[in-house]
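Have the structure open while you read.

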Amino acid sequence: MIINGVEMRGLAVEDAAGLADVLTRNRAYMAPYEPRRPEAFYTEAGQRDRIEGMLEERDAGRLVPYVFAETATGAVVGAMNLGSIALGPLCSGGVGYWVDRAWHGQGLATAGLEEVVRTARDELGLHRIEAGTLVDNTASMRVLAKVGFTEFGLAPRYLHINGAWRDHRLFQRLLHDDPPPA
(Lines give C-alpha, C1' and ligand atoms only; values in the text may rest on other atoms or scores of the structure.)
Protein backbone atom coordinates (compact mmCIF):
# COMPACT_ATOMS: atom_id res chain seq x y z
CA MET A 1 0.00 0.00 0.00
CA ILE A 2 1.41 3.42 -1.00
CA ILE A 3 0.54 6.58 0.98
CA ASN A 4 2.02 9.94 -0.09
CA GLY A 5 5.21 8.36 -1.43
CA VAL A 6 5.55 5.91 1.46
CA GLU A 7 4.95 2.18 1.24
CA MET A 8 3.42 0.26 4.12
CA ARG A 9 4.65 -3.32 3.87
CA GLY A 10 5.51 -6.30 5.99
CA LEU A 11 8.54 -5.95 8.25
CA ALA A 12 11.72 -7.79 7.15
CA VAL A 13 15.11 -8.46 8.74
CA GLU A 14 16.59 -6.18 6.07
CA ASP A 15 14.82 -3.25 7.77
CA ALA A 16 17.14 -3.42 10.80
CA ALA A 17 19.54 -0.66 9.70
CA GLY A 18 16.71 1.65 8.62
CA LEU A 19 14.85 1.15 11.89
CA ALA A 20 18.00 1.77 13.93
CA ASP A 21 18.56 5.00 11.98
CA VAL A 22 15.02 6.40 12.30
CA LEU A 23 14.70 5.38 15.94
CA THR A 24 18.01 7.07 16.76
CA ARG A 25 17.00 10.26 14.93
CA ASN A 26 13.64 10.35 16.75
CA ARG A 27 14.91 9.18 20.13
CA ALA A 28 14.53 12.48 22.00
CA TYR A 29 11.23 13.29 20.31
CA MET A 30 9.70 9.89 21.11
CA ALA A 31 11.09 9.66 24.67
CA PRO A 32 7.92 10.98 26.37
CA TYR A 33 5.87 8.23 24.65
CA GLU A 34 8.21 5.24 24.89
CA PRO A 35 9.65 2.93 27.53
CA ARG A 36 13.30 3.52 28.34
CA ARG A 37 15.37 1.35 26.06
CA PRO A 38 18.88 -0.13 26.40
CA GLU A 39 21.50 1.37 24.08
CA ALA A 40 21.52 -1.83 22.02
CA PHE A 41 17.92 -1.09 20.95
CA TYR A 42 19.22 1.78 18.80
CA THR A 43 21.74 -0.35 16.90
CA GLU A 44 21.34 -2.37 13.72
CA ALA A 45 22.17 -5.57 15.64
CA GLY A 46 19.61 -4.73 18.31
CA GLN A 47 16.94 -4.10 15.71
CA ARG A 48 17.84 -7.29 13.85
CA ASP A 49 17.35 -9.30 17.05
CA ARG A 50 14.08 -7.50 17.72
CA ILE A 51 12.81 -8.11 14.17
CA GLU A 52 13.73 -11.79 14.31
CA GLY A 53 11.66 -12.12 17.48
CA MET A 54 8.77 -10.26 15.88
CA LEU A 55 8.88 -12.53 12.83
CA GLU A 56 8.70 -15.57 15.12
CA GLU A 57 5.60 -14.01 16.72
CA ARG A 58 4.20 -13.40 13.21
CA ASP A 59 4.80 -17.02 12.22
CA ALA A 60 3.00 -18.15 15.40
CA GLY A 61 -0.04 -16.04 14.43
CA ARG A 62 0.30 -13.57 17.30
CA LEU A 63 1.65 -10.50 15.47
CA VAL A 64 1.38 -8.75 12.10
CA PRO A 65 4.30 -6.28 11.89
CA TYR A 66 4.51 -3.51 9.28
CA VAL A 67 7.03 -0.87 8.35
CA PHE A 68 6.58 2.44 6.53
CA ALA A 69 9.36 3.14 3.98
CA GLU A 70 9.85 5.94 1.47
CA THR A 71 9.31 4.57 -2.02
CA ALA A 72 12.08 6.72 -3.56
CA THR A 73 14.85 5.98 -1.06
CA GLY A 74 13.69 2.96 0.96
CA ALA A 75 14.27 4.94 4.17
CA VAL A 76 12.18 3.66 7.07
CA VAL A 77 9.86 6.36 8.45
CA GLY A 78 7.66 4.44 10.88
CA ALA A 79 6.13 1.17 11.97
CA MET A 80 2.78 -0.34 12.93
CA ASN A 81 1.96 -3.64 14.59
CA LEU A 82 -1.18 -5.65 15.13
CA GLY A 83 -0.22 -7.79 18.10
CA SER A 84 -1.54 -9.68 21.08
CA ILE A 85 -3.74 -11.54 18.61
CA ALA A 86 -6.10 -13.91 20.37
CA LEU A 87 -8.60 -16.08 18.56
CA GLY A 88 -11.39 -18.20 19.99
CA PRO A 89 -14.13 -16.39 21.86
CA LEU A 90 -12.06 -13.19 22.23
CA CYS A 91 -11.02 -12.66 18.56
CA SER A 92 -9.08 -9.54 19.42
CA GLY A 93 -5.76 -7.80 18.88
CA GLY A 94 -3.96 -4.64 19.90
CA VAL A 95 -2.42 -2.04 17.64
CA GLY A 96 0.62 0.17 18.13
CA TYR A 97 2.29 2.61 15.77
CA TRP A 98 4.76 5.46 15.43
CA VAL A 99 5.85 7.73 12.60
CA ASP A 100 9.07 9.70 12.09
CA ARG A 101 8.58 13.26 13.31
CA ALA A 102 9.33 14.59 9.81
CA TRP A 103 6.35 12.62 8.45
CA HIS A 104 3.73 13.66 11.04
CA GLY A 105 0.54 15.03 9.56
CA GLN A 106 0.98 13.22 6.22
CA GLY A 107 -1.78 10.65 6.84
CA LEU A 108 0.52 7.64 7.26
CA ALA A 109 -0.81 6.48 10.62
CA THR A 110 -4.44 6.99 9.58
CA ALA A 111 -4.12 5.12 6.27
CA GLY A 112 -1.98 2.43 7.86
CA LEU A 113 -4.48 1.91 10.65
CA GLU A 114 -7.31 1.62 8.13
CA GLU A 115 -5.33 -1.15 6.40
CA VAL A 116 -4.72 -2.92 9.72
CA VAL A 117 -8.46 -2.77 10.46
CA ARG A 118 -9.21 -4.29 7.05
CA THR A 119 -6.64 -7.06 7.57
CA ALA A 120 -7.89 -7.79 11.09
CA ARG A 121 -11.51 -8.03 9.97
CA ASP A 122 -11.26 -9.56 6.49
CA GLU A 123 -8.20 -11.80 6.74
CA LEU A 124 -7.95 -12.70 10.42
CA GLY A 125 -11.65 -12.58 11.33
CA LEU A 126 -11.01 -10.52 14.47
CA HIS A 127 -14.00 -9.03 16.26
CA ARG A 128 -12.19 -6.04 17.76
CA ILE A 129 -8.94 -4.12 17.92
CA GLU A 130 -7.72 -2.25 20.98
CA ALA A 131 -5.25 0.63 21.35
CA GLY A 132 -3.99 2.66 24.29
CA THR A 133 -2.54 6.16 24.36
CA LEU A 134 -1.01 8.31 27.03
CA VAL A 135 -3.71 10.64 28.34
CA ASP A 136 -2.08 13.67 26.67
CA ASN A 137 -1.27 12.09 23.28
CA THR A 138 -3.91 14.01 21.35
CA ALA A 139 -2.33 13.31 17.93
CA SER A 140 -2.70 9.55 18.41
CA MET A 141 -6.24 9.99 19.75
CA ARG A 142 -7.14 11.93 16.59
CA VAL A 143 -5.81 9.10 14.40
CA LEU A 144 -7.85 6.54 16.34
CA ALA A 145 -11.01 8.67 16.12
CA LYS A 146 -10.59 9.13 12.34
CA VAL A 147 -10.49 5.37 11.91
CA GLY A 148 -13.59 4.76 14.04
CA PHE A 149 -12.09 3.79 17.39
CA THR A 150 -14.03 4.81 20.49
CA GLU A 151 -12.73 5.37 23.99
CA PHE A 152 -13.86 2.76 26.49
CA GLY A 153 -11.84 3.41 29.59
CA LEU A 154 -8.91 4.75 31.53
CA ALA A 155 -6.13 2.44 32.72
CA PRO A 156 -4.28 3.96 35.68
CA ARG A 157 -0.52 3.32 35.73
CA TYR A 158 -0.93 1.10 32.63
CA LEU A 159 2.57 1.09 31.10
CA HIS A 160 6.03 2.07 32.28
CA ILE A 161 6.80 4.95 29.90
CA ASN A 162 9.75 7.32 30.11
CA GLY A 163 10.68 6.16 33.59
CA ALA A 164 7.27 6.07 35.31
CA TRP A 165 3.99 4.19 35.32
CA ARG A 166 1.67 6.25 33.12
CA ASP A 167 -2.10 6.39 32.79
CA HIS A 168 -3.53 5.49 29.37
CA ARG A 169 -6.82 6.06 27.62
CA LEU A 170 -8.11 2.83 26.08
CA PHE A 171 -9.80 2.71 22.68
CA GLN A 172 -11.39 -0.05 20.64
CA ARG A 173 -12.98 -0.61 17.31
CA LEU A 174 -15.53 -3.36 16.93
CA LEU A 175 -15.15 -4.89 13.48
CA HIS A 176 -18.21 -7.18 13.16
CA ASP A 177 -20.63 -9.24 15.21
CA ASP A 178 -20.16 -12.56 13.45
CA PRO A 179 -19.35 -15.60 15.58
CA PRO A 180 -15.67 -16.55 15.89
CA PRO A 181 -14.24 -18.47 12.92
CA ALA A 182 -14.37 -22.24 13.32
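1. Strand E4 (residues 76-86) and strand E5 (residues 92-99) run antiparallel, and 7 bridges join them. Keep in mind that this is a predicted model.

2. Now zoom out to the whole sheet. The sheet is open and has 8 strands, with mixed pairing, in the order E1-E2-E3-E4-E5-E6-E8-E7. Strand E1 (2-3) and strand E7 (150-161) are the edge strands, each pairing on one side only.

3. Next, the helix on that sheet. Helix H1 (residues 16-25) packs on the sheet and touches both E4 and E5. The direction of H1 makes about 105° with that of E4.

4. Which residues of H1 are buried? Those are Ala16, Leu19, Ala20, Val22 and Leu23. The cover over the buried residues of H1 includes E4 and E5, along with helix H2 (27-30) and helix H3 (44-59).

5. Alanine 17 also lies in helix H1, but is partly exposed, because its relative accessibility is 37%, and the partly exposed class sits between the 20% limit for buried and the 50% limit for exposed.

6. One last thing about alanine 17: its C-alpha atom is separated by 7.4 Å from that of glutamine 47, and the two residues are 30 residues apart along the chain.

Technical notes. Residues numbered from 1 in each chain as written. Predicted model: local features only at pLDDT ≥ 70, side-chain atom pairs only at ≥ 80, totals over all residues. Heavy atoms only, no water. Pairing = 2+ DSSP bridges. Helix = DSSP H or I, 4+ residues; strand = E, 2+ residues; numbered from the N terminus. Contact = heavy atoms within 4.5 Å. Axes fitted to C-alpha atoms, helices over the stretch in contact; angles between N-to-C directions. Buried < 20%, exposed > 50% of the residue type's maximum accessible area, 1.4 Å probe, protein only.
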